[in-house]
Amino acid sequence: MMNKWIVAKVTAIKHWTETLFTLHVEAPVSPFMAGQFTKLGFQINNKCIIQRAYSFVNAPSDKNLEFYLVTVKGGHLSTYLHALSIGDEILIAKDSAGFFVIHEIPSCNNLWMLATGTAIGPYLSILQEGKDLERFANIVLVHAVRYQQDMCYLPLMRKLQQKYREQLYIQTIVSREKVRGSLLGHIPTLISNGTLEHSLGLKIQRQHSHIMLCGNPNMVRSTQDVLKNTKNMKKHLRRGPPGHISTEHYW
């Protein structure tokens, strides 16, 4: 399916670290659902469009379109986006896509939102929108990063925790240094050895839990294997009996 590209104007850009940044743009995109993604791109010699899928951070009700990005070494698009300034123009797909949305998730007691790096974006969009979340007694937002400085959206996560009070739990994980209040390690290992559940006082159980996974493909694959092998969980398919694990597929 061909994308219909429209022009977006950069309204703000925040550089958190040497590689992590947030891009704000304005564009007349079609309505989208919290958790979905779109595509950003630019043209070379008025012919080839270099493009990539990015999830919205903002709620659909917020017209200030927000993207949390990482500059990839040797990446043509991310390097280009990193160099943008206020007032610059880029291309954005008019229509969004994806089924990593809350109405696709079966009702359960404990909804686990697990993310690495910039993949925290769709969860922030879902939580900021705040629709259809009363179906879950507990929502757990887990953000795994390499270093403490990479927890750029922790202030927003804490603000959301105040909004949802006892319903929302947050847990950060850092893999390359010890940080007070954060777990040390990687998501699959911390599930496998029980550390993540112990730290939050909640159990991952197939009868009462659903797991959303978004981020590094290796993390997603490894975590799925752990959940299947230790928790007897299965992938949730849109057509068929409800499962326990949902992942995003960008295209």
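This is a predicted model: local features need pLDDT of at least 70, side-chain atom pairs count only at pLDDT 80 or more; totals for chains, interfaces and linings use all residues.
The largest nonpolar core comprises 35 residues, and Met 113, Tyr 123, Leu 127 and Leu 141 have the most contacts inside it. At least two residues of this core come from each of strand 7 (110–116), helix 2, strand 8, helix 3, strand 9 and strand 11 (209–214). The surroundings of Leu 127 were examined with its neighbours within four places in sequence left aside. On that basis, Leu 127 is in contact with Met 113, Leu 133, Ile 139, Leu 141, Leu 160, Lys 163, Tyr 164 and Leu 168.

Two of these contact partners of Leu 127, Leu 160 and Tyr 164, belong to the buried residues of helix 3. Helix 3 spans residues 154–164, and its buried residues are Leu 154, Met 157, Leu 160 and Tyr 164. Viewed down the helix axis, the buried residues fall within an arc of 115 degrees, and therefore line one face of helix 3. This buried set packs against helix 2 (121–129), strand 8 (138–145) and strand 9. Pro 155, Lys 159 and Gln 162, on the other side of helix 3, are exposed. Arg 165 follows the helix and has a positive phi, near 55 degrees.

Aromatic pairs were then considered. A pair of aromatic rings is described by the distance of the centres and the angle of the planes.

A stacked aromatic pair is formed by Phe 42 and Tyr 80, with 3.9 Å centre to centre and 15 degrees between the planes. Because Phe 42 lies in strand 3 (residues 37–44) and Tyr 80 in helix 1 (residues 76–82), the pair ties together parts that are 38 residues apart in sequence. Phe 42 counts as buried at 12% relative accessibility, whereas Tyr 80 counts as partly exposed at 29%.

Further features involve Trp 16. Ring pairs link Trp 16 with Tyr 68 and Tyr 153 into a cluster.

Glu 177 was examined separately. Glu 177 is located in the loop between strand 9 (168–174) and strand 10 (183–184), and counts as partly exposed at 30% relative accessibility. When its neighbours within four places in sequence are left aside, Glu 177 is in contact with Arg 146, Tyr 147, Gln 148 and Leu 184. For Gln 148, the backbone nitrogen lies 2.7 Å from a polar atom of the Glu 177 side chain. Pro 31 is 146 residues from Glu 177 in sequence, and the two are 41 Å apart in space, C-alpha to C-alpha.

Conventions: Residues are numbered from 1 along each chain as its sequence is written. Side-chain values use heavy atoms; hydrogens and water are left out. Helices (H or I, at least four residues) and strands (E, at least two) are DSSP runs, numbered from the N terminus. Buried means under 20% relative accessible area, exposed over 50%, partly exposed in between (1.4 Å probe, protein chains only). Contact means heavy atoms within 4.5 Å. A polar contact is a pair of N or O atoms within 3.5 Å; within protein, one must be able to donate a hydrogen and the other to accept it, and residues adjacent in sequence count only if both atoms are side-chain atoms. The arc is that of the directions from the helix axis to the C-beta atoms. Rings of Phe, Tyr and Trp (its six-membered ring) pair if their centres lie within 6.5 Å; planes under 30 degrees apart count as stacked, over 60 as edge-to-face and the rest as tilted. A nonpolar core is a set of buried Ala, Val, Leu, Ile, Met, Phe, Trp, Tyr and Cys residues joined through side-chain atoms within 4.5 Å.
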